[in-house]
2 protein chains.
Amino acid sequence: MASEVAQRTLTEGQGEWSVYNKTRSTVSGEPLSKDELDKLTRYFHATMYLCLGMLYLKENPLLQEELKKDHIKPRLLGHWGSDAGQSFTYIHFNRMIKKYGLDAFVVSGPGHGAPGLISNFYLEGVWSETYPNVSENKEGMQRFFKQFSFPGGHGSHMTPEVVGSIHEGGELGYSLSHAFGAVFDNPKTIALTIVGDGESETGPLATSWHSNKFLNPIRDGCVLPILHLNGYKINNPTVLARIDEEELISLMRGYGWTPYVVAGHDLESMHQAMAATMETCVKEILKFQKEARDSGKAFRPKWPMIILRSPKGWTAPRKNNDGHYLEGFWRAHQVPLTKVLTNPEELKTLESWMHGYEPEKLFGKEGKLIPELRELAPTKGQRMSENPITNGGLLRQPLRLQNFREFGLKVDKPGVTMAPTMSTFAQFLYTIVRDNQETFRVMGPDETESNKLSKIYDAGKKVWVNGYLPEDEDGGNLSPDGRVMEMLSEHTVEGWLEGYILSGRHGLLNSYEPFVHIIDSMVNQHSKWIEKSLEVAWRQAVSSLNILLTSTVWRQDHNGFTHQDPGFLSVIVDKSPQVVRIYLPPDANCLLSTMDHCFRSTNYVNVIVADKQNHLQFLPMEAAVAHCTKGIGIWDWASNDAGAEPDVVIASAGDVMTQEALAATALLRQHFADVDVKVRFVNVVDLFKLIPHGYHPHGLTDREYTALFTADKPIVFAFHSYPWLVHRLTYNRPGQHLMHVRGYKEKGNINTPLELAIRNETDRFSLAILAIDNMKDRLGNRGAGAREKLVEQRIRAKNHAYETGMDVEEFTDWTWPY
Amino acid sequence: MASEVAQRTLTEGQGEWSVYNKTRSTVSGEPLSKDELDKLTRYFHATMYLCLGMLYLKENPLLQEELKKDHIKPRLLGHWGSDAGQSFTYIHFNRMIKKYGLDAFVVSGPGHGAPGLISNFYLEGVWSETYPNVSENKEGMQRFFKQFSFPGGHGSHMTPEVVGSIHEGGELGYSLSHAFGAVFDNPKTIALTIVGDGESETGPLATSWHSNKFLNPIRDGCVLPILHLNGYKINNPTVLARIDEEELISLMRGYGWTPYVVAGHDLESMHQAMAATMETCVKEILKFQKEARDSGKAFRPKWPMIILRSPKGWTAPRKNNDGHYLEGFWRAHQVPLTKVLTNPEELKTLESWMHGYEPEKLFGKEGKLIPELRELAPTKGQRMSENPITNGGLLRQPLRLQNFREFGLKVDKPGVTMAPTMSTFAQFLYTIVRDNQETFRVMGPDETESNKLSKIYDAGKKVWVNGYLPEDEDGGNLSPDGRVMEMLSEHTVEGWLEGYILSGRHGLLNSYEPFVHIIDSMVNQHSKWIEKSLEVAWRQAVSSLNILLTSTVWRQDHNGFTHQDPGFLSVIVDKSPQVVRIYLPPDANCLLSTMDHCFRSTNYVNVIVADKQNHLQFLPMEAAVAHCTKGIGIWDWASNDAGAEPDVVIASAGDVMTQEALAATALLRQHFADVDVKVRFVNVVDLFKLIPHGYHPHGLTDREYTALFTADKPIVFAFHSYPWLVHRLTYNRPGQHLMHVRGYKEKGNINTPLELAIRNETDRFSLAILAIDNMKDRLGNRGAGAREKLVEQRIRAKNHAYETGMDVEEFTDWTWPY
């Protein structure tokens, strides 16, 4: 079966330059004088020259000698495709900054096109101010070229080493959510945000256009998106570049934006079109803000955005030496001329291409941008590349925190009080929201109430600027001034939070545990950003990314198998030990202590796991603080090995697992009271305590570890997540062959809580049986009777669940009996 | 700072029922007769009654007795919010199936609203045909109610146990991509796809509307999306429900669809509106298909879709007993009346609500739908719930596969030939595409060419129905009949592939290794689907989900840190051993053998990791087949311990790591030739061979394991991914305290290949040094000299990279010297 293609050209034009034949612009007018036009063109050419230098040259930076193979980098790396469009955009926004005194910074979605912006950062001086050895002269320019995408130099994207960047753009999709996050509560700031047309196909980007529904024009700044359609991804046309323009405009209007088109390839007319369009957009932004701020009424303006159609690899030769399309085709995506090292013809092409920008007229003999062009960039203090928002630690102030101890639960006796862990924490969180109204936000994908955190709405409602209904009065908790942000897109809320903290503020993401896997990749990338930032001397510490996982696996018995996945921890442990932290507070007081610590910390990714239901409470506040400070410890009150070696160590990490482990401990002591079996109970809050010290700063030394777990006694470990993770952490510990871990092992469906535990052998009976089976030396034949009874109880629990849909009450109402 | 809300009502209306006050419809007309209308309403009521029964009742299914607490399930689980809208939609499409003889099935995005559809599946008989003990009578109905969301019963979503389902809808976002995947190459089929307005906020869903650009109306079927706006997520209004309708329509047009609105709450007029609209949509679909098929010209129609606005919890009481909004508000999301077990008033409310549907008139005394209503459903063979597409294994035919051996590389001597692994495989893959034009597709996020698989374009180009340009002739490789699908959305291509294989076909996803983390969660959920399907007797085996990871960490030296992440394997190993498989073929012939195996397999998630660059080739074809069949083995040609115990075992998994491990082996043998150090070389293809047999069917027994690795000799293991994963797999193996693993440990930036390895201590020098350090007993002081030389070589390699940007040639040109 073969289908014909119905149509071979787009509606926009015919022939070779079909899309770009003629410069088109929604806004008409020619605001630029001949002189301005000429200067803008030359400035633009200077950046293009620098881009090619970064890609190709290690020597002869000003092309003052004939270009030879020896001047070329031996390995050609970097991307050319979107450089021109990005630089073009940046230069035109610079003009607006100067004219209107704007406070702005840039986000580059297609971070691979970093040369387009880095060249600007160099020209306006910030690069050399930050890296003095890369000075504004011939030697500096040579270093500037060589270090790009070179071992020991810096990356080829908008990496942490790049000034003015909070968004690397290595993994695509998060430019808009990062930009919005950074302008929330920054009412003066505009985030100029370049969205690539490749990136625009990703899910995270596609939904993040809706961020405009969560932006309050009074208290927040603004994002000006430039959808940069250069037509191609790596090897394919892009979806948005090939739909009818009418459809594209409809899409952007549907997303709630006012789109302006600038399209073409002729530089002079493109300059005029972009200048007129940029100014229209900036004026509209300022008008909307004034309207909202003067009236005090928050509304959702149809904010402007620009659709910029410029050819892929713009200003490159139209065809390469082999006669294949280069400019305006995907072959211009990466290094445009690939054979300059082996093909003298191509080397010549490159040389004449670079000479075409007339470097000698731009940089003189010394290699410094000539003063009349230098004037085009904003002056010190206004340059986008030095906006302190892009080095948010400079702006960060510690949170105002109440004494978390005041929100603690009274625990007279451990293991007898049932109380709701999460809503206890919510009382503390409420004060944080209340006391940090300009610098703290809580994010979540529509689960904050379900996660029992709704108390915080008393201090900050849910941000909503998207139309109200009368019913909202009945517990809707919506407000344009809200401090809680809920959109059913883990990607968007995570992106907002990253942008918010990278620009110097604080926050918390709360999520159902299973669905945090949706943002594995984002958290990975943020961890990488932080790790690399730690190596960059001038980057100041930002608040930690705090991720609170609740509605956890053990209480997703009713939602079934799709909602049972504690595997996010397996992703996190692979990241740099300098960055990642994992906490499993067993009860409310421990959660309070842990969260207080996390909110004070910087430059970490803190993952905190705690369930939202009623749970047994174990530690009075001061004991909780002491326990969490150590991160791991023996619970003497639950142990009966005082002063002696235990027969078995029962260990736990996680709230539900701690309850089951404790119940197993009680069962063992009851069944073997006559032979005085010694049980030691160890609880782990800080998971990285388990790993040897050399592998993570929190890791215990072997001596410390053995003091808790012994080196020669069986250990039964009830673990919140997949059991193998504990083995991965303890694999080379003394006595690890005696470590027996139980955790979730993908045995789930619709269950009761206890039956779910039984299916995964993490229930009290299975744990006690496991301990008995590993104390054969100690118990001899005496274990058999107890074992049999435990098996019976387990069967009874299971059958009861199947028959009634409920757990046996004597088991669920269990409390610590000693 | 406090902002006022500018506007308190939407444009659509005022007052209590603002949005639904008046039934509105894009299509006018009243196609239903009074009799039809009456029957449709009663049929709809029957489904609503069943939904409530599922949520609440364990006894008294027909309410023939007064409703008592004892009849109520002790734990109230399930979701009511979207049930009505989903059932309403389904019933109206049934009408079209009967009228036009359509071939269709249903996808429920908001799978939590499963009762709305399951009630229909029961009414039309398929449930009882599949589960005979849940018969169409009073006893059956009671079982049907009780088993819903009950331990030992079935889940509360569209789980694998549910007939007619290929999409669970537990994790939101994939309804459209699954639906499109299922209709590709199924030209007769229509996927009725209900998209929730919560789901519509997710990134994956937001971009999957663009799937229409990849559907060929000649050879593919069609998706009819129903965007079901019931206004609320769990606790929040939804974005799309609160934007102006003009904006929403613009958005849908922008996505390339023709939207039709049906909005209201009055049942009779809603029936008329939906009937008229459904028929318009179906006629348009048939018209577009005819036009394309008659002309043979593939174009992209502006396919119809429906925006259905009905109240959340439609047909529930408007307010609950406490006077709070229920119907039309988020409180109707889950179980609508929550206190029926404790509050007799609420129990009464429930009873009279259920009686309001008049069950006695619907089901008679016996509990079977009365014949005049039964006639509304399609007849046997046409019911959506029995469409074999939803049990794709019924339709699946094995792939036509050439003998992969014919595509193998000639390897005369191991470890001396450099050849491109991936493009060798591409020759085989090309024949699979060629020979299975109707049943095999390759998916990828714009990386197939970059991943060196472009040979396959000769058999099947890239699917493109979205507008062509003349430049596309120059290597664009686009065609509406393509077999390769590339959109820069990992979510969309993965969703398409899942839908394609679940409906009985075959495929391959190829991705850059780092960015597969983007779909961690989707692969998780697919694994869970397969695992649960294995427990469902009537589900037939579907093709495995084959994920080929290339552009791997060790050759992302030039893209930098964001592109270095081999952690997908850490996610996969946590899934069920019945489902997941991981292969790391070390060379081209092994890749061919592995892929052949994967393409023949069913019901697995196969993850295959192999780099795309030129690599050393190790095994001739027959040796490769033998090696891959075993999955792990000693390479005798690389070992010198024949007949004796080795002094050290050098092991590897992964192509680049195998090269480095082999080079380390050679270094050891060279440096210690005089003392005759015995090195055994073990290579792992099938990663799960490492885990004990009891934990995974592929796992070796301890005896088999020890025969390879010994129980008492040091092992130096060069591993492709994070090193701890090997420890997690081997933690309780004999001799595991002597297992020393090196792998990627988050040490990266812009590097050369060798320097990247050095940073992570996986280079040949570091591996050899590690071996020396662990053979102190054997070597005594003799190791020191060799160690020093190796350290020097390592420094030289590193410095060379920093100075020149290149690796030392003698190291990169290294081949096996023995």
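Domain bounds here come from an automatic or database domain assignment. On that basis, chain A is divided into domain 1 (28-377), domain 2 (404-615) and domain 3 (632-812). The model is a predicted one.

The centres of domain 1 of chain A and domain 2 of chain A, taken over C-alpha atoms, are separated by 35 Å. Contact between them involves 29 residues of domain 1 of chain A and 31 residues of domain 2 of chain A. On the domain 1 side, helix 6 (175-183) and helix 7 (203-208) of chain A each supply at least two residues. Helix 6 of chain A gives the largest share of that side, six residues. By class, the domain 1 side holds 11 nonpolar, 11 polar and seven charged residues.

Now step out to the two chains.

Which residues lie on each face? B:Pro304, B:Ile306 and B:Leu308 are on one side, while B:Met305, B:Ile307 and B:Arg309 are on the other. Both faces are covered, and each of these residues is buried.

Strand 8 of chain B has two pairings to trace. Strand 5 (residues 222-229) of chain B pairs with strand 8 of chain B in the parallel sense, over four bridges. Here B:Leu227 has B:Ile307 as its bridge partner. Strand 6 (residues 258-263) of chain B also runs parallel to strand 8 of chain B, and six bridges join the two. In this pairing, B:Tyr260 is partnered by B:Ile306.

Helix 15 (residues 490-502) of chain B is another buried element. Of its 13 residues, 13 are buried, so the helix is largely enclosed by the rest of the structure. At 1.5 Å a residue, the 13 residues of helix 15 of chain B should span 18 Å. The end C-alpha atoms are 18 Å apart, which agrees. After helix 15 of chain B comes B:Gly504, with a positive phi near 105°.

Finally, turn to two residues in loops. Most residues other than glycine have a negative phi. A:Glu746 has a positive phi, near 60°. This residue sits in the loop between strand 23 (739-742) and helix 23 (753-759) of chain A. Is A:Glu746 buried or exposed? A residue needs 20 or more other C-beta atoms within 10 Å to count as buried. A:Glu746 has 22 within 10 Å, so A:Glu746 is buried.

B:Asp676 also has a positive phi, near 55°. It lies in the loop between helix 20 (655-671) and strand 21 (679-684) of chain B. A residue with 12 or fewer such neighbours is exposed. B:Asp676 has 10 C-beta neighbours inside 10 Å, so B:Asp676 counts as exposed.

How values were computed: Residues numbered from 1 in each chain as written. Chains lettered and ligands numbered in written order. Predicted model: local features only at pLDDT ≥ 70, side-chain atom pairs only at ≥ 80, totals over all residues. Expected span 1.5 Å × (residues − 1). Contact = placed C-beta atoms within 7 Å. Nonpolar A, V, L, I, M, F, W, Y, C, P; charged D, E, K, R; others polar. Pairing = 2+ DSSP bridges.
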